[in-house]
Amino acid sequence: MNLPFYLKTQRKPKMSWLDRYFFEPNLAQKILAFALLPFSLLYALVAVLNTKVRRKLKFNAPIISVGNLTLGGNGKTPVCKAIAHLFAPTKCVFIVLRGYKRKSKGLVVVKNGKEPLCDVDISGDEAMEYALDERVFGVIVSENRVQGIEKALNLGATLILLDDGFSKRFIKKFDILLESVQKPHFDFTLPSGAYRLPKCFAKKADFIAREGEDFVRHSRASENKNAILVTAIAKPFRLYEHFSKIKACYFFADHYKFQKNELEALLKKHHCDTLMLTFKDFVKVRKMGLKTQLIELDIELKDEFKKAILAFVEKF
């Protein structure tokens with residue numbers, strides 16, 4: 001099995017080597033980070049130039065981008081869902097995203113109405129998580145976000161959310177930048193640090209949403225000693241509060257594609273019959289016929305955050 005590591009519930013989760021390198025580096029990792037600085041400077045130069053080579057495109061509908069400057073695991077998907085829920089009664093909300101790790105290419109309409117129009121291999125796990133949300137009307141995956149936006153508008157969208165669209169500076173939009181509680185150790189761009197764009201780009205955001213201040217996570221799951229927790233999210237240590245509720249935990253690489261036989265083997269190993277999963281993980285196993293228990297996650301948007309979003313949309 002391709003497992004990063006296995007954790008018994010008595011211990012706190014260990015970070016992967018890459019997470020430690022970016023967030024809690026030891027001396028050797030710090031030396032490596034400084035050695036790679038020339039490559040980080042080159043990366044930053046290319047990234048900055050890439051944001052300046054195209055003129056701004058404007059669309060006749062409000063577009064809200066939810067993004068972050070650092071590597072994943074900052075809550076883009078649940079925050080996007082929370083914003084979509086704000087407008088579900090009055091707007092035809094479409095979410096446009098890349099569809100990371102999907103097996104398809106080009107533009108795919110994942111949802112246009114009540115039910116998903118494809119399976120998770122075609123959409124990618126994050127897009128399917130959106131598609132299974134009853135309060136999200138439409139979902140489109142496309143490497144070309146402009147084509148995705150145009151398709152959404154043709155299908156009747158009156159509000160478009162861009163998942164991970166901060167770097168698309170050429171699109172006229174309301175840019176929300178998420179800031180996680182856990183900060184990178186160095187303020188460097190890749191590969192010396194966790195930033196995808198220079199940190200100074202934060203000033204280009206229309207609203208910086210800080211976790212714990214502007215939005216709050218509420219995660220719930222009941223105790224089940226006949227379950228194991230299996231997850232393939234970017235920062236599994238976020239689930240620490242649930243580790244004592246189950247028998248064992250297994251952490252796979254982010255976006256990992258689960259196989260039914262390996263999950264059955266893990267259940268058998270621990271004499272359990274239930275998988276405890278995040279919704280992102282659930283969308284990949286929901287058709288396998290395995291017994292599951294969801295970790296429910298709600299995002300509370302604080303008043304100032306909601307007011308900023310509503311003020312932008314009301315302009316249209």
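What follows starts with the sheet and then moves on to rings, charges and backbone angles.

A bit of housekeeping: this is a predicted model, with local features needing pLDDT of at least 70 and side-chain atom pairs counting only at pLDDT 80 or more, while totals for chains, interfaces and linings use all residues. Residues are numbered from 1 along each chain as its sequence is written, and side-chain values use heavy atoms, with hydrogens and water left out.

Let's begin with the open sheet, whose seven strands come in the order β4-β5-β3-β6-β2-β7-β8 with mixed pairing. Helices (H or I, at least four residues) and strands (E, at least two) are DSSP runs numbered from the N terminus, and two strands pair if DSSP finds at least two bridges between them. At the edges sit β4 (108–112) and β8 (207–210), each pairing on one side only. From one strand to the next, the twist averages 20°. Within the sheet, β3 (residues 93–97) and β6 (residues 159–163) run parallel and are joined by four bridges; Val93, for instance, has Leu159 in β6 as its bridge partner. Helix α4 (residues 76–87) packs on this sheet, touching β2 (63–67), β3, β6 and β7 (174–179), and its direction makes about 175° with that of β6. Contact here means heavy atoms within 4.5 Å; axes are lines fitted to C-alpha atoms, for helices over the stretch in contact, and angles run from 0 to 180 degrees between N-to-C directions.

Now over to another parallel pairing: β10 (residues 227–231) and β11 share four bridges, and Thr231 has Phe251 as its bridge partner in β11. Strand β11 (residues 248–251) is covered on both faces, with Ala248 and Tyr250 buried on one side and Cys249 and Phe251 buried on the other. Buried means under 20% relative accessible area, exposed over 50%, and partly exposed in between (1.4 Å probe, protein chains only).

Next, the rings. There are 14 aromatic pairs in the structure, where rings of Phe, Tyr and Trp (its six-membered ring) pair if their centres lie within 6.5 Å, and planes under 30 degrees apart count as stacked, over 60 as edge-to-face and the rest as tilted. One of them is the edge-to-face pair Phe34 and Phe186, 5.2 Å centre to centre with 80° between the planes. This pair links distant parts of the chain, with Phe34 in helix α2 (residues 27–35) and Phe186 in the loop between β7 and β8, 152 residues apart. Phe34 counts as partly exposed because its relative accessible area is 45%, whereas Phe186 has 13% and is therefore buried. Phe243 and Phe251 make a tilted pair, at 5.7 Å and 45°. Ring pairs also link Trp17, Tyr21 and Phe22 into a cluster.

Where do charges meet rings? Arg169 lies over the face of Phe166, 4.9 Å from the ring centre, and the charged end of Lys204 sits over the ring of Phe201, 5.2 Å from its centre. The test is NZ of Lys or CZ of Arg within 6 Å of the ring centre and within 35 degrees of the ring normal.

Finally, the backbone. Most residues other than glycine have a negative phi, and most peptide bonds are trans. Leu190 and Pro191, however, are joined by a cis peptide bond, with omega about 0°; Pro191 lies in the loop between β7 and β8. Lys101 has a positive phi, near 70°, and lies in the loop between β3 and β4.
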